[in-house]
Amino acid sequence: MNIGNILATKGSRVITVHPEQSLKEAIALLTQHKIGALVVVDAQNKPIGILSERDVIHAADRNGDTVFKQTVKDNMTTHVISATPHDDLQAVLKTMTEKRFRHMPVLDEGKLAGIVSIGDVVKAQLDEYRGAIDTLQSQL
Amino acid sequence: MTLVGTETNPLRVAIIGSGPAAFYAADELLKQKDFAIEIDMFDRLPTPFGLVRGGVAPDHQKIKSVTKVYDGIASHPRFRFYGNVEYGQHIKLIDLKEHYHQILFATGAQTDRRMGIPGEDLDGSHPATEFVAWYNGHPDYRDRIFDLSHERVAVVGVGNVAIDVARILCLTPKELAETDMADYAIEALSHSQVKEVHLLGRRGPAQAAFTNPEIKEVGELEDADAITLSNEVQLDELSLAELASLNDRSLNKKVEIIQSYAQPRSVSKARKLYIRFLVSPVEMIGSDQGKVCALKLVHNVLYKTEAGTLSPKAIDQFEQLNVGLVFRSVGYRGVPLPEVPFNDRYGVIMNDKGRVIEVESKQPVIGEYASGWIKRGPSGVIGTNKPDSVETVTHMLEDLKSGSILQPAQPEVASMQELVKQRQPKFFSYPDWKKLDELEVAKGQPLGRPRVKFTSVEEMIAALGK
């Protein structure tokens with residue numbers, strides 16, 4: 001299974017935010033869409049960073065009450081590791097676990113095509129194992 | 001209005017397709033204690049089970065035994081099968097909306113992915129999926145002709161379809177005779193002149209998609225030797241590091257089996273099955289008559305992508321492999337269904353975890369769902385479709401509870417039955433299929449074969465005197 005199989009069932013929807021938007025707006029987007037991270041894109045829709053719940057928490061700790069007025073730009077993670085639809089599930093899971101992050105934007109021929117969370121990847125991996133077990137059991 | 005999903009007003013669900021994903025979804029729906037649900041399952045073929053009948057290799061009968069589970073599901077009193085009834089042809093979306101609260105598409109992936117290299121469409125270059133459908137007796141493919149008079153054949157890919165095709169090409173008449181392969185295919189393969197089969201993988205042994213039993217099996221064939229090249233099966237630094245960190249016993253074993261085929265030994269069997277790694281075809285070379293006569297291969301090395309996958313990268317080293325027949329096995333792909341939003345990038349129905357969605361707005365299309373390969377693309381084994389279908393059914397039930405379902409004008413079993421009879425008088429019910437099944441098995445018995453398949457719809461209709 002690869003990342004493409006995950007994106008295929010997500011309708012390739014990505015919620016993005018612009019660097020100048022406020023954290024207040026970003027938090028609203030996270031809540032509204034029940035997601036854990038936003039891809040930060042520039043005017044050309046090119047990904048330039050990622051803003052996760054964890055980034056927001058860190059911003060709150062640093063800024064206290066003024067956190068909502070902060071911009072996305074000042075609090076996003078700019079060193080972003082991206083995947084492509086061809087990446088193996090297991091490799092992505094290993095990279096996320098080792099480097100301790102939970103969201104990976106997916107670029108297809110350089111264009112933003114989706115985002116996968118560690119939850120998506122773990123579920124896909126679990127389904128794969130469950131499927132293999134079920135197949136073996138049906139042959140007993 | 002009475003509630004939908006009760007004994008007096010059951011939820012009526014149409015399932016298009018009758019492969020594993022269709023049956024697992026039916027099972028999950030019929031198991032519901034809180035709702036009464038009725039299933040009508042449609043297939044364009046008279047026979048059910050999709051790729052279990054038409055894809056799984058005919059010498060892998062144990063895998064096909066999963067149909068016993070599907071028989072059990074089909075025996076439910078609220079389950080009906082309409083075979084030989086094609087969506088878009090006999091029954092259109094508007095008809096389904098007239099008769100059902102929910103429609104689930106589980107049509108699988110019916111075509112092959114393209115390689116996108118020059119010469120791909122030369123005479124003698126075929127999608128492996130067509131060869132598989134042909135030897136499995138799929139009515140749409142029985143008239144295909146594969147020129148088995150060539151001595152050298154290439155199979156591009158190292159997934160389970162590729163290895164099935166390579167193995168089938170290496171079977172002896174005796175091995176073939178024990179299978180439920182279509183008679184015409186047994187006849188053709190028994191007279192095959194093929195001496196060498198070259199299985200071509202882009203990546204290394206540690207990344208091969210086939211399973212351990214599959215790679216082990218090709219080492220135990222009656223009259224074919226499995227051979228790997230020692231320079232291709234020595235793992236590179238990246239693969240070694242990956243193997244060490246995964247510490248996955250079955251993967252280590254796979255690599256060990258692959259490497260054992262590179263050991264010098266006597267290879268005296270009539271056929272040779274070469275399993276190659278780190279090569280990609282970049283061109284198919286044709287003869288003056290437009291027939292494929294060679295593949296130009298580029299050699300690859302592995303590199304690690306940002307996300308951590310070991311991927312192939314071409315180096316400036318080429319090789320010409322002379323072959324007269326090529327099977328391209330780089331993956332199945334779904335085909336669009338009439339009036340259903342399609343995601344062309346992934347070859348699937350546009351969906352959000354099984355709910356069909358509009359292409360632009362990404363809003364759900366009420367009452368329409370997808371599961372299996374037409375939902376996620378081709379991946380996993382038969383059983384992988386179970387959790388996949390369960391996910392879709394979970395959303396179908398959520399939508400039933402929230403009232404987000406179709407409002408059919410004629411939700412009665414009889415009215416749909418009447419319509420099917422009108423549009424396709426020669427439809428096959430599940431009892432009809434069971435009769436066909438018995439006839440096939442009975443024909444196979446004196447020959448010591450699991451079954452002898454009917455391979456045309458006309459034969460099936462005639463057999464039942466329809």
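**View 1. Chain A as a whole, with its helices and strands.** In this predicted model, the secondary structure of chain A consists of 5 helices and 5 strands, and these elements follow one another from the N terminus in the order α-β-α-β-β-α-α-β-β-α. The C-alpha trace of chain A extends over about 65 × 30 × 25 Å along its principal axes. Chain A has 140 residues, of which 38% count as buried.

**View 2. The side of chain A that touches chain B.** Here 29 residues of chain A are in contact with 32 residues of chain B. On the side of chain A that touches chain B, the helices α1 (3–7), α4 (89–99) and α5 (118–138) of chain A each supply at least two residues, and the largest share, 8 residues, comes from α5(A). Sorted by class, this side of chain A holds 9 nonpolar, 11 polar and 9 charged residues.

**View 3. The open sheet of chain B.** In chain B, 6 strands form an open sheet with parallel pairing, and their order across the sheet is β6-β14-β7-β8-β10-β9. The strands β6 (125–127) and β9 (224–228) of chain B stand at the edges and have a single partner strand each, so one side of each of them is left without a neighbour in the sheet. On average, and with direction ignored, neighbouring strands of this sheet are turned by 20 degrees against each other.

**View 4. The pairing of β9 with β10 in chain B.** The strand β9(B) is joined by 5 bridges to β10 (residues 271–276) of chain B, and the two strands run parallel.

View 5. Helix α6 (residues 128–135) of chain B, in turn, lies across β6, β7 (152–156) and β14 (325–328) of chain B, and α6(B) runs at about 70 degrees to β6(B).

How values were computed
Residues are numbered from 1 along each chain as its sequence is written. Chains are lettered from A and ligands numbered from 1 in the order in which they are written. This is a predicted model: local features need pLDDT of at least 70, side-chain atom pairs count only at pLDDT 80 or more; totals for chains, interfaces and linings use all residues. Two strands pair if DSSP finds at least two bridges between them. Helices (H or I, at least four residues) and strands (E, at least two) are DSSP runs, numbered from the N terminus. Axes are lines fitted to C-alpha atoms, for helices over the stretch in contact, and angles run from 0 to 180 degrees between N-to-C directions. Two residues are in contact if their C-beta atoms, placed from the backbone, lie within 7 Å. A residue is buried if 20 or more other C-beta atoms lie within 10 Å of its own, exposed if 12 or fewer, and partly exposed in between; C-beta atoms are placed from the backbone. Ala, Val, Leu, Ile, Met, Phe, Trp, Tyr, Cys and Pro count as nonpolar, Asp, Glu, Lys and Arg as charged, and the others, Gly among them, as polar.
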